Amino acid sequence: RAPEPLHEGLQLAYLCHELMQMEGESVRSMGHFDRLYERFYRADIERGIRTREQQKELIKYYFIKHYARTDGLAYGKNHVFGGIDVDGSDATNELSYAAIEAFEEMRTVDPKFAIRVNVGTPDRLLRQVAGAIRDGCTSFVLASDEVGTASLLRRGVPEREARSYVLMGCYEPAILGKEVPCSGSMWVNIAKPLEWALHDGVDPLTGRQMGPHTGAPEQFATFDDVYAAFRAQLRSLLESAMAVQVDFERPWAKMNSSPLLSGTMVECVERARDISAAGAKYNNTGICVASIASTVDSLTAIREWVFEREAISLPALVEALDADWEGEERLRLRIRRDDEKFGNDRDGPDALADKITHFAARIINVTPNERGGHFCAALNSIDHCLWLGEATGALPDGRRAHEPLSKNLSAVTGMDRQGVTGLINSVTAIDFTQFPNGSVLDIVLHPSAVEGEEGLDALVGLIRSYFAQGGFAIQFNIFDAATLREAQQDPERHRNLQVRVCGWNVHFVNLSEVEQNMFIEQAECVG
């Protein structure tokens, strides 16, 4: 029979989760928690089976099952709250508040919560989430329904289905019960095509010809010549990446059929086809574009310092990059200290970011995959900014070889000198409806910025402003560098210190020293 009390509904959901994991699938969303279980929650209270506090205790038991499996070390388990319902109304209900309250009392790093926000989202919900984040429970991402739905409509999804989207994985929209999106299939580091453009298609770190011949540095008379070579290299990289992914998708049906998961999708049943054989209604593949700010800042530096200021010739700049800036330290520092960078609300870099992302999205979103669907563009790097950086040489923005690249939509660390307002104005120059596979902006704030009721108002206002300006998803870390350094030196005293990595939460003391130092550097820049 169908479940009746809340504990049966939660137990059935967890049982299905375990069976699908055993089947070989990574369950990347547990659906709309408040929509799925609100009727059970309300009926149990009305019938006197459990009080609100007892219901919260039951919900904690359910959440702790997910946390106990991973301790936050396997990207977390996404649960969605709020948002526009299929009929156009706001879906926030009393279970939304009770579940978030229960989670805040637990103070675990997992599961993670995705909060769908629209203009009708109650301030009560946003203040509750903002308060939890401020108090150190950072396992939240907030996403704009208006932008998310628009990106799905642009993809051809009917409005009623678009309103039912869940945020799966970290912050990737997918149509509930109708889509197998494969949202994290590939990350493309767009700083590499710039390296190749400056070396006629050759990777300077390996000496291999990676892209087409687009000319040597001495052949580029204008910035437009450099940008044209970069575009050619970027197109080549994106097309080759998607071709590799198509090759990976071909043997899927023979290698890993999924009858249980397929049985939950109406179209799979009607077509008598497994999800691995494109049985779902939507069968798309995500391609994530990474290193936006590093690439924009580097192209901006070439335009300004080579062609406008004529501080160095392009061949000499390339020679300096190949030497990891040896002999050009003064110029490197001048470039680093220049404010003409993404994240500072500057017309030049921001327009370039929009131009590059539009170009990439146009290539990705029209390319068919192997499963009867299309590739879908995303803008994120997650924590791959570290290992992508290890495989990237010195860049014209003053970055040294092998250092981390810019993360998600964030500015290069320390380069957003106009505060959070300048950063948001830069980021929202991008049209996020072109990225149906999601995007996210990481915000780091000092605790003093969100103190008291005024601080809470400011945090809620910041979230509303980002969405009003066209941003899609946003997540926060609120800490100071001194606390992080203390935790690094004395981890036993800071076992419960949480950080939002890139779409999931971890305990700070569980990060590698390189990762810890990255967060400390970010905190120093806002302190």
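Student: What's the strand order in the open sheet?
Tutor: This is a predicted model. Its open sheet has five strands, ordered E1-E2-E3-E10-E9, and the pairing is mixed.

Student: Which are the edge strands?
Tutor: Strand E1 (78-82) and strand E9 (441-445). Each pairs on one side only.

Student: And the twist, what does that average?
Tutor: From one strand to the next, the twist averages 25 degrees.

Student: In what sense do E1 and E2 pair?
Tutor: Parallel, over five bridges. Strand E2 covers residues 112-117. As one example, Gly82 has Arg116 in E2 as its bridge partner.

Student: Which strands does helix H5 touch?
Tutor: Helix H5 (residues 123-134) packs on the sheet and touches E2, strand E3 (140-144) and strand E10 (473-478). The direction of H5 makes about 145 degrees with that of E3.

Student: New topic, peptide bonds. Is the one joining Asp110 and Pro111 cis or trans?
Tutor: Cis, with omega at about 5 degrees. Most peptide bonds are trans.

Student: Where does Pro111 sit?
Tutor: Pro111 is in the loop between helix H4 (94-106) and E2.

Student: What about phi at Ala272?
Tutor: Positive, about 55 degrees, although Ala272 is not a glycine. Most residues other than glycine have a negative phi.

Student: Where is Ala272, and is it buried or exposed?
Tutor: Ala272 is in the loop between helix H12 (266-271) and strand E7 (285-290). Ala272 counts as exposed because its relative accessibility is 69%, and the cut-off for exposed is over 50%.

Student: Switching to the surface. Which residues form the nonpolar patch?
Tutor: Leu12, Leu15, Leu19, Met22 and Leu260. Together they have about 460 Å² of accessible area.

Student: Which helix gives the most to the patch?
Tutor: Helix H1 (residues 6-23), with four residues. Leu12 lies in H1.

Student: Why is Leu12 called partly exposed?
Tutor: Because its relative accessible area is 40%. Partly exposed is the range between under 20% for buried and over 50% for exposed.

Definitions and conventions:
Residues numbered from 1 in each chain as written. Predicted model: local features only at pLDDT ≥ 70, side-chain atom pairs only at ≥ 80, totals over all residues. Heavy atoms only, no water. Patch = residues over 30% accessible without salt bridge, like charges linked within 9 Å, V, L, I, M, F, W, Y side chains within 5 Å. Areas by Shrake-Rupley, 256 points an atom, 1.4 Å probe, with all protein chains shown as cover. Salt bridge = Lys/Arg side-chain N within 4 Å of Asp/Glu carboxyl O. Helix = DSSP H or I, 4+ residues; strand = E, 2+ residues; numbered from the N terminus. Buried < 20%, exposed > 50% of the residue type's maximum accessible area, 1.4 Å probe, protein only. Pairing = 2+ DSSP bridges. Axes fitted to C-alpha atoms, helices over the stretch in contact; angles between N-to-C directions. Contact = heavy atoms within 4.5 Å.
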